[in-house]
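This report describes a structural model in terms of its fold, its packing and a few selected residues. The structure is shown first.

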Amino acid sequence: MTHGHDHGAAGAAGAGSAPAQRRRLAVALGITVTVLVAEVVGAAVTGSLALLVDAGHMLTDAGGLLLALVAASLMARPATSRRTWGWRRAEVVAAGVQAAILLAVGVYALVEGARRLAAPPEVQPAGMLVIGAVGLVANVVCLAVLAGGRTANLNLRAAFLEVAADALGSVAVIAGAVVVATTGWERADAVAGMLVALWIVPRSVVILRESGDVLLETTPTGLDLDAVRAHLLALPHVREVHDLHAGRISTTLPVLSAHVVVDDSCFRDGHAPQVLDQLQDCVARHFPVSVEHSTFQLEPAGHAAHEHHESC
């Protein structure tokens with residue numbers, strides 16, 4: 001006996017917020033592309049590493065925001081008999097790609113920064129300052145646009161991180177320009193670029209790890225399956241719990257399934273539906289991670305002998 005929930009209300013709520021998410025991403029993308037063009041030209045004219053790194057961030061932002069916009073559109077599509085979860089994992093894939101690109105930019109900035117510390121090129125602080133200020137204003141506007149939806153899912157979190165990294169990059173460009181202009185220490189530009197990279201790299205790794213956890217169906221953080229098993233076993237009529245699995249279809253949709261051995265009498269006296277309700281209520285309400293989409297297979301004691309087990 002199995003049972004699960006479709007959660008149409010939750011799905012409808014998510015679909016209702018999709019247009020707002022797409023609008024935020026589209027506005028941010030338009031601003032980012034405009035500033036990207038200005039910074040590429042500025043980096044070529046001034047020779048600034050910090051400005052080049054910031055332009056690189058803008059490029060990844062433009063691609064990342066476009067990817068996030070496509071993913072947000074795919075996520076709004078309904079489930080079908082072929083894709084029973086719809087395109088919910090599009091957000092995880094998009095976030096992983098964004099984080100990987102941002103990580104590559106951060107590593108490049110560290111390597112190039114070290115090279116420029118050894119042999120600093122001549123930079124033009126006036127051009128750096130102007131274009132850095134333009135980039136900062138644009139990034140602040142993008143952050144304001146994306147802020148309202150940044151916690152909705154991993155896709156928007158990654159997009160927000162990219163824009164936040166660019167905002168910090170713009171601050172670094174401005175700071176580097178001021179130091180070079182006032183002290184003549186041209187290595188300040190390389191230092192500024194490297195500091196931004198040091199901020200970017202660990203945050204990119206965090207998003208990469210989280211997206212990997214979802215794709216590999218790792219048990220959600222905060223959900224202790226040993227505690228879940230113990231709590232299920234404490235319910236009346238439950239004798240054994242095996243094939244217990246938990247994962248996430250997307251960052252906002254945890255799922256759980258298990259085979260539960262119950263008293264044989266439950267199948268004769270009508271207790272099985274009550275046990276099923278108690279099992280689902282347990283995983284939905286008792287633990288820090290609420291699992292509202294759960295599937296339990298209720299079994300008599302003798303059924304386990306006919307199964308092949310490869311996990312807990």
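Glu 217 is located in the loop that connects helix H6 (187-215) to H7. Helices (H or I, at least four residues) and strands (E, at least two) are DSSP runs, numbered from the N terminus. The phi angle of Glu 217 is positive, near 55°, although the residue is not glycine. Most residues other than glycine have a negative phi. Glu 217 is partly exposed, its relative accessible area being 49%. In these terms, buried denotes under 20% relative accessible area, exposed over 50%, and partly exposed the range in between (1.4 Å probe, protein chains only).

The model is predicted: local features need pLDDT of at least 70 and side-chain atom pairs count only at pLDDT 80 or more, whereas totals for chains, interfaces and linings use all residues. Residues are numbered from 1 along each chain as its sequence is written, and side-chain values use heavy atoms, with hydrogens and water left out.

A positive phi is also found at Asp 243, near 50°, again in a residue other than glycine. Asp 243 belongs to strand E1 and is buried, with a relative accessible area of 11%. The residues discussed individually are listed below.

| Residue | Location | Relative accessible area |
|---|---|---|
| Glu 217 | loop between H6 and H7 | 49% |
| Asp 243 | strand E1 | 11% |
| Pro 121 | loop between H3 and H4 | 30% |
| His 259 | strand E2 | 18% |

**Overall architecture**

The protein contains 9 helices and 3 strands. Along the sequence they follow the pattern α-α-α-α-α-α-α-β-β-α-α-β. Of the 312 residues, 44% are buried. Among contacts (heavy atoms within 4.5 Å) with a separation of 6 or more, 77% join residues 24 or more positions apart. The protein exposes about 14500 Å², and carbon and sulfur atoms supply 64% of this area. Accessible areas come from the Shrake-Rupley method with a 1.4 Å probe.

**The sheet**

The 3 strands form an open sheet in the order E1-E2-E3, with mixed pairing. Strand E1 (238-250) and E3 are the edge strands, each having a single partner strand, so one side of each has no neighbour in the sheet. From one strand to the next, the twist averages 15°. Two strands pair if DSSP finds at least two bridges between them. E1 and E2 are antiparallel and joined by 9 bridges; within this pairing, His 245 has Ser 257 in E2 as its bridge partner. Strand E2 (residues 253-262) and E3 are parallel and joined by 7 bridges, and Val 255 is partnered by His 293 in E3.

Strand E3 (residues 293-299) is largely enclosed by the rest of the structure, because 5 of its 7 residues are buried. Helix H9 (residues 272-285) lies across E1, E2 and E3, at about 145° to E3. This angle is taken between N-to-C directions on a scale from 0 to 180 degrees, with axes fitted to C-alpha atoms, for helices over the stretch in contact.

His 259 lies in strand E2 and counts as buried at 18% relative accessibility. Its side chain makes a polar contact with the side chain of Glu 299, at 2.7 Å. A polar contact is a pair of N or O atoms within 3.5 Å; within protein, one must be able to donate a hydrogen and the other to accept it, and residues adjacent in sequence count only if both atoms are side-chain atoms. His 259 and His 245, 14 residues apart in sequence, have a C-alpha to C-alpha separation of 9.6 Å.

**Nonpolar cores**

A nonpolar core is a set of buried Ala, Val, Leu, Ile, Met, Phe, Trp, Tyr and Cys residues joined through side-chain atoms within 4.5 Å. In the largest one, of 25 residues, those touching the most other members are Leu 223, Val 228, Leu 232, Leu 256, Val 260, Leu 279 and Phe 296. At least two residues of this core come from each of helix H7 (225-233), E1, E2, H9 and E3. H9 supplies the largest share, 6 residues. A second, separate core has 20 residues, including Leu 29, Val 35, Leu 36 and Leu 69.

**A loop contact**

Pro 121 occupies the loop between helix H3 (90-118) and helix H4 (125-147) and is partly exposed, with a relative accessible area of 30%. Leaving aside residues up to four places away in sequence, Pro 121 touches Gly 47, Arg 116 and Glu 186. Pro 121 and Glu 186 are 65 residues apart along the chain, and 7.4 Å separates their C-alpha atoms.
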